[in-house]
Structure formats: C-alpha cells, structure tokens
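I opened my notebook with the model on screen and went through the strands, then the cores. Here are my entries.

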Amino acid sequence: MKKHRIPQVAVIGSSEADEPTLRVAEQVGGIIARLGAALVTGGRGGIMAAASRGCAEAGGTVLAVTPHQQMDEVNDYAHFHIPTAMGWARNCITGIAGDVVVVIGGAAGTLSEIAYAWMYDRPILALSCCEGWSRRIAGQPVDHRRSDVVVDCPSLKALEKELRARLATISRR
C-alpha cells in the first residue's frame, strides 16, 4: 500500500532576527517546498514566518504548531495550524515534528527544540552562516546520547544538498 505522508522538515529559530537571517530563512522555506517536503514551524514571527513565507510562495505546504490557544494566533503563511495552548512546552512538539530539523539562528526556545530533536533521534542540520545556536551547535554533539553531531551547513547550497540526501531516504511507499 502506498503511503501518502509527505516528508516534513521542521525549521526552528528565533521569533526575532535580523534582516539577513530572515532572508536566509525565507530561502530555506523555498528550498523545502522545491524538494517536495512540508514545512513545520512554531507558527510565530521571525525565522518561523520568513521560512513559512518562502515555502508558501514556492508552492509548498506549511504547518504551524503554536504555543497559543486561538486559531487566529498564527503567522499569515500557515496552511494548517495546531494551537497547543501549551506555551513554551509546545517546543517538545516542534522539536520532533520533522523528519529532519533545520536550525537557523535561535535563542533559548530554539535550544530547547534542539534538545528534543536530539533526544528523539531527529537529524539536525544547522546553518552556521547565521548567528545564534545554529552557529554554536554546528558540527557538535548535543550530548553523549548519540554518536553523531549536529550537521554543519555553512551555506544554503550545503543545506540543500544535505536536505536532498536525507529526504531521499524517507519512503513514500
């Protein structure tokens, strides 16, 4: 029987970011759409909104998992919205909601999502060309639980190559 599930890529990063980092996030969203994956974000502003915009404008599907309870508390680019009413606790969901997790910048909330992704064995790709946790954690293990490291993607080209390879291993059959 054919599986209908579309591969999911979670993009995690701060709700506040500078313009160059937002442009990178928007391009990442477009890459995810072009690779045929759905984008999952925390549904708020900053990195989340920029990646969502890039994915939606490239014809992709965007799922937002927000900390809020109201259906209208989500960025304008989400096709689907899951309001958790969990506050920051929703980071456990966004951290594991992707077949692959991409880190762009990030502050304390992003760090918690990285930890969940790591503990639940999600591949983590970090854009080290951006400030924040993505630069600090790239190429490093999060802790002793795994033998691999957070993959260092120093450029969008490197990220696209890594995403393409990882998404190719996800079966749709």
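Which residue in E3 stands opposite Leu39? I found Val62 there.

A note on the source: this is a predicted model, where local features need pLDDT of at least 70 and side-chain atom pairs count only at pLDDT 80 or more, while totals for chains, interfaces and linings use all residues. Residues are numbered from 1 along each chain as its sequence is written, and side-chain values use heavy atoms, leaving out hydrogens and water.

Strands. I took helices (H or I, at least four residues) and strands (E, at least two) as DSSP runs, numbered from the N terminus, and called two strands paired if DSSP finds at least two bridges between them. E2 (residues 38-41) and E3 (residues 62-66) run parallel, joined by 3 bridges. The chain gets from E2 to E3 through helix H2 (residues 47-57), in a right-handed β-α-β crossover; right-handed means that, with the strands pointing away from me, the path from the first strand over the helix to the second runs clockwise. I also saw E1 (residues 8-12) pair with E2 in the parallel sense over 3 bridges, with Val9 opposite Leu39.

Faces of E2. Ala38 and Val40 point one way, Leu39 and Thr41 the other, and all are buried (under 20% relative accessible area, 1.4 Å probe, protein chains only).

Cores. I looked for buried Ala, Val, Leu, Ile, Met, Phe, Trp, Tyr and Cys residues joined through side-chain atoms within 4.5 Å. The largest nonpolar core has 28 residues, and Val11 and Val28 are among those with the most contacts inside it. H1 gives the most to this core, 7 residues. A second, separate core of 17 residues includes Val40 and Trp118.

Definitions and conventions. Buried means under 20% relative accessible area, exposed over 50%, partly exposed in between (1.4 Å probe, protein chains only).
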